[in-house]
Amino acid sequence: MKKNTDLCMDVKTFLQNDTRTKLGKEYMGVLTRITSENYTFVEMLPWCKKRNAKVFNGKYISITRRSDGTLRPNFKPMPKLMGYLSIERYAYEVYNELHEALESLIEKDSFRPFGIEW
């Protein structure tokens with residue numbers, strides 16, 4: 001890294017939230033030298049891309065899409081099974097929901113694990 005100090009310079013700032021730069025606060029942006037004494041600084045918006053976007057949100061599972069495009073099923077906390085939902089019924093409901101989600105997210109011809117022909 002090479003250091004340099006420019007003396008007697010004017011900096012015009014374009015900030016997102018602050019009207020003037022605050023002492024000690026770091027700003028992300030682009031500094032452009034217009035002339036020998038004039039600079040312009042434009043603050044950039046922060047990156048706010050969601051890491052793993054939720055593409056399906058059901059009662060028992062949710063499915064997220066990772067940055068490489070793969071789908072990841074995630075179980076939601078299990079309800080108390082005693083009383084209204086047996087283990088078999090819970091497994092069946094999860095199966096139905098997973099089947100419904102994948103059917104809407106994956107084209108029938110595009111999913112061929114290990115090159116298996118259906």
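Begin by selecting β4 and β5: a hairpin joins β4 to β5 through three residues. Please note that the model on display is a predicted one.

The pairing of β4 with β5 is antiparallel and runs over four bridges.

Next, search for aromatic pairs. The whole structure holds one such pair. Select Tyr-60 and Tyr-90: the ring centres are 5.6 Å apart and the planes stand at 85 degrees, so the pair is edge-to-face. The angle decides the label here, because planes over 60 degrees apart count as edge-to-face. In general, a pair of aromatic rings is described by the distance of the centres and the angle of the planes.

Where in the chain do Tyr-60 and Tyr-90 lie? Tyr-60 is in the loop between β4 (53-57) and β5 (61-65), whereas Tyr-90 belongs to helix α1 (residues 87-105). The two are 30 residues apart, and the pair thus links distant parts of the chain.

Are Tyr-60 and Tyr-90 buried or exposed? Both Tyr-60 and Tyr-90 are buried.

Finally, turn to the surface and select Met-9, Val-11 and Leu-31. These residues form a nonpolar patch there, and together they have about 240 Å² of accessible area. Within this selection, pick out Val-11, which is part of strand β1 (residues 10-14). Val-11 has a relative accessibility of 40% and therefore counts as partly exposed; that class lies between the limits of 20% for buried and 50% for exposed.

Conventions. Residues numbered from 1 in each chain as written. Predicted model: local features only at pLDDT ≥ 70, side-chain atom pairs only at ≥ 80, totals over all residues. Heavy atoms only, no water. Phe/Tyr/Trp six-rings, centres within 6.5 Å; stacked < 30°, edge-to-face > 60°. Buried < 20%, exposed > 50% of the residue type's maximum accessible area, 1.4 Å probe, protein only. Patch = residues over 30% accessible without salt bridge, like charges linked within 9 Å, V, L, I, M, F, W, Y side chains within 5 Å. Areas by Shrake-Rupley, 256 points an atom, 1.4 Å probe, with all protein chains shown as cover. Salt bridge = Lys/Arg side-chain N within 4 Å of Asp/Glu carboxyl O. Pairing = 2+ DSSP bridges.
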